[in-house]
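Here are a few friendly notes on backbone details to go through with the model open beside you.

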Amino acid sequence: MQTQELEKIASQVRRDILRMVHGCQSGHPGGSLGCTDLLVELFFNAMNLKTDSSGNVIFQMDGKGEDVFYLSNGHISPLIYSVLARRGYFPVAEMASFRKINTRLQGHPTPHEHLEGIRIASGSLGQGLSVAIGTAQAKKLAQDQSIVYCLMGDGEQNEGQVWEAAMYAPHHQVDNLIAFIDVNGQQIDGPTAKVMNNRDLGEKYKAFGWEVLHMNGNNAADVQQTVAKAKELSGKGSPIMVLMQTEMGAGVDFMMGSHKWHGVAPNDQQLADALVQLTETLGDY
Amino acid sequence: MAQYTFETKKDTRSGFGAGMEYLSLNNPKVVALCADLIGSLKLEAFIKNSPERFFQTGIAEANMIGIAAGLAVGGYIPFATTFANFGTGRVYDQIRQSVAYSSKNVKIACSHAGLTLGEDGATHQILEDIGLMKMLPGMVVINPCDYNQTKAATIAVAEYEGPVYLRFGRPVVPVFTPDNQVFEIGKAIHLMEGADVSIFATGHLVWESILAAEILKEKGIHADVINIHTIKPLDTNSVLKSVLKTGCVVSAEEHQYNGGLGDSIAQFLAMNRPSPMEFVGVNDSFGESGKPAELMEKYGLNAASIVEKALKVIARK
């Protein structure tokens, strides 16, 4: 898919995120907006997803014969919900139920309500990379050549389990795994450098035995090229980590540049001010 | 004459190892993970038969639980194994989110539960694991009583679709159940018939309950002895049937009162058939170093203690 087309989808996804969070006056817009370009690239371009003869996606829990994505930083749920709905996993109208009673679109993603496209619960941080490793190893056992993708946050790197997984994957040559860290430099209590300094994540992962790539996560062309490069590096003995520089709140000028919009919903005026900055390309839900 | 006899004593963890050996040959979907305790979990035969289906995680239990969940997504049946303390309490949130809430077909199989691991002391003697695991919605909790039953339970849980906590231990205990038994999850086993007191026991305390019933019989008291190998789902029909006959209850387990088998039975009876009840277990205390038998005596987890509680509860009828 052309970069321009991906950018159009991303614009609609950003509208969806803002409207979902506004609709229930709760949720996490900042990180969702920051990671939009990556998830659009993965689900609309890079990933090999199971489809029927008409080209419509089909959800199968075991993910056999297709690429699998895990969202470890589950609080950016509006993003995964929009991308899954727009890709055809469930009706876009269901986005209106986000975080409301009896919804399948829980505050944090879960397979508990049988939402197509979600294979594991996330929200309590630090667990997704381990799960992704497990599914990658299941694919190897089954001689399935597909790739497993995983997205984490940079604040999430504070969690010890992440480093257990970081040590394990190269040791077991889990080379069908491409992981991403959303390096937006922010976490709830402030800049990561002040709350708990990650220092050089690239050097850390290299030292653990990962192939490390860098990209601008809010430049669709760079995202496209780097993900393609990561796929080329897969199957060569090492897991791949992509450090993705992003801007929390990317796409909405007044939401960028701080951690203020990590977990705050826009009011009516703020929503209107944000939506004029994002073209409605696919029709609002 | 004694109703139950045994020829050998074996550890229940070896029953698990034998079950895993069987599964290595008979169920290609079963995979095993271990956090640097292969020998303690008796996984050597599984690894020898199926090296490609074994995953060494190192001393990293949280990661092990997550990997197990990911393997389950891919259609495999993972057994995540370590000591009970590290496989439950240490990784409670990982089990809660990635396994239980995510409805993953992961078997958490843990050895060295309870006081009977002995000399290592309280850091390793978890007495809260049944409670932790049974509180998770959808989690099955099993604590078999001897080598043969542990082997059968291991094979049975692989056939069951859903998360399971399988608990076993280190000491050698009498092997008195049949070697070719079929293990039915959630189905209690009636061991001895009696109308004076119900003794519901799990794990290592089942044999002690049989011994206790023999002692009681000499006093003219007939105990109804039931092996509750599955704490969750509790076989409430068997519990009720026995209590309707006897009118009083003793529970026996190598676990805290809080959260254990007795706690489950008391909750059920409070709602359905309130009855006098006494508990054999650890009463809000940590363990300590010592030989297994010394610890079981000191903390009141043996036949003598079951007899004492039985006499007490009968007097309360």
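How many other C-beta atoms lie within 10 Å of Asp36(B), and is Asp36(B) buried, partly exposed or exposed?

1. Asp36(B) is partly exposed, with 15 other C-beta atoms within 10 Å. The cut-offs are 20 or more other C-beta atoms within 10 Å for buried, 12 or fewer for exposed, and in between for partly exposed, with C-beta atoms placed from the backbone. This is a predicted model, in which local features need pLDDT of at least 70, side-chain atom pairs count only at pLDDT 80 or more, and totals for chains, interfaces and linings use all residues. Residues are numbered from 1 along each chain as its sequence is written, while chains are lettered from A and ligands numbered from 1 in the order in which they are written.

2. Phi of Asp36(B) is positive, near 70°. Its place is the loop between strand E2 (30–34) and helix H2 (38–41) of chain B; helices (H or I, at least four residues) and strands (E, at least two) are DSSP runs, numbered from the N terminus.

3. Asn102(A) also has a positive phi, near 70°. Asn102(A) sits in the loop between helix H4 (77–87) and helix H5 (128–141) of chain A, and is exposed, with 6 other C-beta atoms within 10 Å. Most residues other than glycine have a negative phi, and most peptide bonds are trans.

4. Do look at the peptide bond from Lys232(B) to Pro233(B), which is cis, with omega near 0°. Pro233(B) belongs to the loop between strand E12 (230–232) and helix H10 (236–246) of chain B.

5. In H4(B), 13 of its 13 residues are buried. Just after H4(B) comes Gly75(B), with a positive phi of about 100°.
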